[in-house]
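Welcome! Take a moment to look over the sequence and the 3D structure, and then let us walk through them together.

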Amino acid sequence: MPHRSQELARIEAATDAAIRLAADHIRRGDLVAFPTETVYGLGADATRGEAVAAIYEAKGRPSFNPLIAHVAGVDMAATLVDFDPLSRHLAETFWPGPLTLVLPARPDCPVSSLATAGLDTLAVRMPAHRVALDLIVAAGVPIVAPSANVSGHVSPTSAAHVYGDLSRRIPLILDGGRTEVGLESTILQVQGGIPYLLRPGGLAREEIEAAAGLTVVRSEGDPSAAPVAPGMLASHYAPRARVRLDVHRVEPGEALLAFGGAPVRGVGEAARVLNLSPSGNLREAAANLFDMLRRVDGDDISGIAVAPIPANGLGEAIRDRLTRAAAPRDRNGFGS
Ligand code: TXA
Ligand code: MG
């Protein structure tokens with residue numbers, strides 16, 4: 001549901017009634033800003049692609065970074081991702097708290113592919129804040145939430161900061177006072193038993209090392225040696241097939257990603273056709289983007305042709321992602 005920009009966001013003290021109201025918004029597909037112990041998050045139902053698209057729209061993000069799914073406990077996280085023993089130990093040690101773990105998404109993970117930016121992994125964390133946890137439980141779904149600021153601004157540590165950035169873009173801000181940590185969560189990914197630090201944050205590396213009994217490897221420098229947080233370096237899902245943008249005519253053997261109702265010539269000879277949004281709705285197109293990229297991709301096609309997509313609003317991020325998918329690859333098969 002697009003929020004009407006004439007209406008200003010309501011700031012509600014985070015009472016039980018306000019949290020129930022916020023949970024209703026989340027379940028309806030609306031956005032709600034809420035406090036965590038690190039910074040305020042801009043939350044949406046992780047399982048609803050169009051709600052996730054609305055996050056990028058509200059933040060004015062020019063690209064799709066994968067988001068963190070906030071959960072109410074290890075058990076809830078285990079419905080979304082597969083834990084290795086070390087990651088489970090770290091979750092049990094530091095949750096609730098400012099530690100985000102990047103883990104393989106389960107095959108039946110209900111989180112929207114837009115929230116993971118098409119990756120096979122999902123970042124999960126259990127925040128140490130009563131309001132955040134009550135909200136997740138009341139909504140009954142994992143809540144994806146980037147920091148609740150406009151793209152390019154610093155992360156908000158009070159409801160007033162959120163209001164300053166997003167008052168015309170979201171219906172509700174839950175006010176839980178100043179956040180305690182004031183710094184985003186530490187992001188960690190265990191691979192082959194080695195803990196890699198993807199983003200330093202509110203949980204100190206030394207604490208993780210003490211609990212793990214292992215050295216935490218900083219994943220900077222050589223990106224081929226270690227995983228990286230896509231927000232810091234691009235490593236999103238990229239299709240194998242070559243991608244052509246702003247196509248008015250499909251070549252035989254190409255797959256077509258259509259948009260809206262505008263006619264594209266040669267459709268009859270396309271190997272496959274999927275429409276990102278038959279009605280030409282950018283939010284729907286964003287929600288479908290990564291899933292449809294995977295579905296049209298394959299060894300049997302000569303390339304992926306993409307119909308013209310407008311560059312305004314969410315179209316900018318959609319085009320950014322497709323442009324990177326079209327760019328030359330490095331040896332890992334990812335756009336750089
Ligand atoms: O403290 C926090 O983490 C706050 C509060 C609201 O929880 N959230 C936050 O979200 O800082 P955001 O979207 O501003 O930063 C999320 C970071 C990005 O750098 C993103 O690239 C990385 O997490 N990330 C998310 N999913 C990932 C994945 N599957 N693999 C690697 N990095 C991932
Ligand atoms: Mg942020």
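**Before we start**

This is a predicted model, in which local features need pLDDT of at least 70 and side-chain atom pairs count only at pLDDT 80 or more, while totals for chains, interfaces and linings use all residues. Residues are numbered from 1 along each chain as its sequence is written, chains are lettered from A and ligands numbered from 1 in the order in which they are written, and side-chain values use heavy atoms, with hydrogens and water left out.

**The whole chain**

The chain holds 9 helices and 15 strands. Here helices (H or I, at least four residues) and strands (E, at least two) are DSSP runs, numbered from the N terminus. Of the 336 residues, 53% count as buried. Buried means under 20% relative accessible area, exposed means over 50%, and partly exposed lies in between (1.4 Å probe, protein chains only). Among the contacts with a separation of 6 or more, 65% come from residues 24 or more positions apart. A contact means heavy atoms within 4.5 Å.

**Two helix pairs**

Two packed helices are described by the angle between their axes and the distance between the axes. Axes are lines fitted to C-alpha atoms, for helices over the stretch in contact, and the angles run from 0 to 180 degrees between N-to-C directions.

| Helix pair | Angle between axes | Distance between axes |
|---|---|---|
| α1 (residues 16-28) and α5 (residues 130-139) | about 50° | 9 Å |
| α2 and α8 | about 110° | 8 Å |

The angle of about 50° between α1 and α5 makes α1 oblique to α5. Helices α2 and α8 are roughly perpendicular to each other. The crossing of α1 and α5 is right-handed, and α2 passes α8 in a right-handed crossing too. A crossing is right-handed if the near helix is turned clockwise from the far one by less than a right angle, and left-handed if anticlockwise.

Which residues meet where α1 packs on α5? On the α1 side they are Asp16, Ile19, Ala22, Ala23, Ile26 and Arg27, and on the α5 side Arg130, Val131, Asp134, Leu135, Ala138 and Ala139. They divide into 8 nonpolar, no polar and 4 charged residues. Ala, Val, Leu, Ile, Met, Phe, Trp, Tyr, Cys and Pro count as nonpolar, Asp, Glu, Lys and Arg as charged, and the others, Gly among them, as polar.

In the other pair, Gly49, Glu50, Ala53, Ala54 and Glu57 of α2 meet Arg283, Glu284, Ala286 and Ala287 of α8. This contact has 4 nonpolar, 1 polar and 4 charged residues.

**A closer look at α2**

Helix α2 (residues 49-59) is mostly covered, with 9 of its 11 residues buried. Among the buried ones are Val52, Ile55, Tyr56 and Lys59. The elements covering them include β3 (41-45), β7 (143-144), α6 (159-166) and α8 (282-296). Just after α2, glycine 60 takes a positive phi of about 65°.

**Aromatic rings**

The whole structure has 3 aromatic pairs. Rings of Phe, Tyr and Trp (its six-membered ring) pair if their centres lie within 6.5 Å; planes under 30 degrees apart count as stacked, over 60 as edge-to-face and the rest as tilted. Tyrosine 56 and phenylalanine 64 form an edge-to-face pair, 4.7 Å centre to centre with 85° between the planes. Both of these residues are buried. Ring pairs link Tyr56, Phe64 and Phe290 into a cluster.

Phenylalanine 83 and tryptophan 95 have ring centres 6.3 Å apart and planes at 75°, so this pair is edge-to-face. Phenylalanine 83 sits in the loop between α3 (74-77) and α4, and tryptophan 95, 12 residues away, in the loop between α4 and β5 (99-104). Phenylalanine 83 counts as buried at 17% relative accessibility, and tryptophan 95 is buried at 8%.

**Two single residues**

Is serine 87 buried or exposed? Serine 87, in helix α4 (residues 85-94), is buried, with a relative accessible area of 1%. Beyond its neighbours within four places in sequence, serine 87 touches Leu101, Leu103 and Val190.

Valine 217 lies in strand β11 (residues 217-218) and counts as partly exposed at 32% relative accessibility. Leaving aside neighbours within four places in sequence, valine 217 is in contact with Ile194, Pro195, Tyr196 and Leu197.

Note on methods: Parallel < 35°, antiparallel > 145°, perpendicular 65-115°, else oblique.
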